[in-house]
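Work through the exercises below with the sequence and the model open. Each task is followed by a solution in steps.

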Amino acid sequence: MSLRRRTVLKALGAAAVGLPAIEDERRRAVVIGTGFGGSVTALRLARAGVPTLVLERGLRWPARPGGNTFPRLFAPDKRASWLAPGPVMTGSPLAAWAPYTGVLERVRGRGMDILCGAGVGGGSLVYHGMTIQPSEEAFARSMPPGMDWTAFDQDFYRRVASKLRPAPIPRDLLGVRQYRAAKMFHDQVSGKGLRPFRVPLPMDWDVVRRELRGELPPSYSTGDVIYGANNAGKRTLDVTYLAEAEATGLVHVQTLTLVRDIERAKDGRWVVHVDRITTGGRVAARKRIVTDALFLGAGSAGTTRLLVKAKAKNLIPDLPDGVGKHWGNNGDRIFAWTPPGDSPGALQGGPACVGVREPTLTIIHGPVPFPLDLGTTSLIGFGLVEPLGEFRYDAGKDDAVLYWKQEYDARLTTAIRDRITGIVGGSLLIDTTRFDTTTYHPLGGAVIGAVCDRYGRVRDQRGLYVTDGALIPGSTGACNPSMTIAALAERNMDAILPEVI
Ligand code: FDA
């Protein structure tokens, strides 16, 4: 591809006011973000022979056996947070540092904060890796109309599984001391006559065995994975989809590149306004990248914020009214579970590996990596939530802010709590989400139907596509979302590629 580089601007004017000069650059296809949607999209474009620039605000985080790529929950450092002066994860001890382009962002909203990954691999860097396909009933009730369950079941979910190769915890590991908390939940479920399931995780379980033998420092086996898992072993997107895309030579991932705004030029092309930033967040250079095909894969929060800003500032005229709306937290709720009698112990092994499923409700045990034995562990419930949240533009911040009310998921919370009580009755249950209203599973804001057509094309905006969790109105079928986001991107790219090639 011919890359036309024209360093223009206003170099003089910019220098005069102390801003970096703006460079212009022309690209055939641009993907914003390297999470599930962005990575699938990049690989599909590469396989179709389309030279593609992928813009990622964060860093690369190459994990290796015995390495110290990621910080620990109880010894956090600047790597833990995206441009914040301390830890953004509740439960981390207090600490202070100069802001850094770390792995986890807290997007502060009104009534709900979002936690999401930042770096090459997006949410896969910080996620446990629960890779779950919803039931047909929950899929039908939560996904936009026009989705063919059979095609997802027989084709799209399988494509994702073939790349991430999810595998449940080997049965024998459930018998070791480190996995005692998971085993306790497993036995509790069986004791109620229900069938526990071992959660599919994109894991090389031999890495865990090596930790248990003392050959590697503990990371998974102490459940300390929320700022990223050391020792490698988790098949994150940077070592799967993206590695394959980059190996073609057609995909270039540009890190430390923060997209500020997107705009439609008079000739219909897409203009991406980016800041090249330092690891301290300082703007080192500004660029405008012009492209015919722009794929928004910045995650539900990132993509929605870009679209809400573009609509409010009229950078993209005629965006649909549904931009920013139909947002939900995937119906998830986290409870602290203190069983009577036996203690689940300290430093509980992970990732989250045991659960129980019903057609429209999933409950999964979440290991707690506390170094002290507090007698407590956690249970995460997933149901179907009404997507009533909304991002609104705030001119003072030049950003979009999420609005959510606790009442939106109050009934669902009661249902999850009742179901958990039915399983672990007699235990102390504390709804931690009530005190720390956050979600790891933002979904919606540019949904199919209201903003995009059935395949993620933004309505009446030729060449503009949404390819991530922003497409899905609030829930991915009462289970963790990554599998469905990736499968949806695979499906959509089947339809979109012919018009991009
Ligand atoms: P995703 O958030 O993955 O990617 C967006 C990318 O865009 C990021 O790389 C980001 O840095 C980049 N970006 C954003 N704004 C940008 C901008 N303006 N300019 C440039 N780049 C920008 N799910 C699951 O299925 N199983 C699980 O076990 C877990 N566990 C879990 C734990 C924790 C701690 C978190 C925070 C999340 C999970 N999740 C999860 C959720 C899962 O991570 C999430 O659903 C997906 O990563 C969402 O995929 P997307 O493609 O939508 O965006």
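**Exercise 1.** In this predicted model, find the side chain with which the side chain of Gln348 makes a polar contact, and describe the surroundings of Gln348.

Solution. 
- Step 1. The side chain of Gln348 makes a polar contact with the side chain of Thr377, at 2.7 Å.
- Step 2. The Gln348 side chain also reaches a backbone atom: the oxygen of Gly345, at 2.9 Å.
- Step 3. Place Gln348 in the fold. Gln348 sits in the loop between β11 (332-338) and β12 (354-358).
- Step 4. Decide whether Gln348 is buried or exposed. Its relative accessibility is 2%, and the cut-off for buried is under 20%, so Gln348 counts as buried.
- Step 5. List what Gln348 touches, leaving out residues up to four places away in sequence. Its contacts include Gln178, Ala181, Ser221, Thr222 and Gly223, as well as His365, Gly366, Pro367, Val368, Pro369, Thr376 and Thr377.
- Step 6. For a distance across the chain, take Thr439, which is 91 residues from Gln348 in sequence; the two C-alpha atoms are separated by 22 Å.

**Exercise 2.** Asn330 is in the loop between α8 and β11. Is Asn330 buried or exposed, and which residues are in contact with Asn330?

Solution. 
- Step 1. The relative accessible area of Asn330 is 0%, so Asn330 is buried.
- Step 2. Set aside neighbours within four places in sequence. Asn330 is then in contact with Phe382, Gly383, Val385, His441 and Leu443, among others.
- Step 3. The contacts of Asn330 also include Gly474, Ser475, Thr476, Cys479, Asn480 and Pro481.

**Exercise 3.** How many residues does the largest nonpolar core have, and which have the most contacts inside it?

Solution. 
- Step 1. As background, nonpolar side chains in soluble globular proteins tend to be buried together.
- Step 2. The largest nonpolar core has 121 residues, and Phe185, Ile262 and Val272 have the most contacts inside it. Helix α11 gives the most to this core, with 10 residues.
- Step 3. Apart from this core lies another, of 22 residues, including Ala80, Tyr100, Ala118 and Ile226.
- Step 4. Look at Ile262. Beyond residues up to four places away in sequence, Ile262 touches Ile32, Val271, Val272, Leu294, Leu296, Leu306, Leu307, Ala310, Leu315 and Ile316.
- Step 5. Turn to Val272, which belongs to strand β9 (residues 270-277). At 0% relative accessibility, Val272 counts as buried.
- Step 6. With neighbours within four places set aside, the contacts of Val272 include Val30, Ile32, Leu55, Val259 and Ile262, and also Asp261, Lys287 and Arg288.
- Step 7. Asp24 is 248 residues from Val272 along the chain, and their C-alpha atoms are separated by 9.8 Å.

**Exercise 4.** Describe the ligand site: which residues come nearest to the ligand, and how many residues of each class are in the shell?

Solution. 
- Step 1. There are 35 residues around the ligand, of which Gly37, Glu56, Arg57, Met130 and Ser482 come nearest.
- Step 2. Sort the shell by class: 15 residues are nonpolar, 17 polar and 3 charged.
- Step 3. Assign elements. At least two shell residues come from each of α2 (36-47), β5 (113-117), β8 (257-264) and α11 (482-500). β8 gives the most, with 3 residues.
- Step 4. Find backbone partners of ligand oxygen atoms. A polar backbone atom of Phe36 is 3.0 Å from one, and a polar backbone atom of Gly123 is 2.9 Å from one. For Met130, a backbone N or O atom lies 2.9 Å from a ligand oxygen.
- Step 5. On its own the ligand has 1,000 Å² of accessible area, and the protein covers 96% of this.

Terms used:
Residues numbered from 1 in each chain as written. Predicted model: local features only at pLDDT ≥ 70, side-chain atom pairs only at ≥ 80, totals over all residues. Heavy atoms only, no water. Near = heavy atom within 4 Å. Polar contact = N/O pair within 3.5 Å; in protein donor to acceptor, adjacent residues only side chain to side chain. Areas by Shrake-Rupley, 256 points an atom, 1.4 Å probe, with all protein chains shown as cover. Helix = DSSP H or I, 4+ residues; strand = E, 2+ residues; numbered from the N terminus. Nonpolar A, V, L, I, M, F, W, Y, C, P; charged D, E, K, R; others polar. Core = buried A, V, L, I, M, F, W, Y, C linked by side-chain atoms within 4.5 Å. Buried < 20%, exposed > 50% of the residue type's maximum accessible area, 1.4 Å probe, protein only. Contact = heavy atoms within 4.5 Å.
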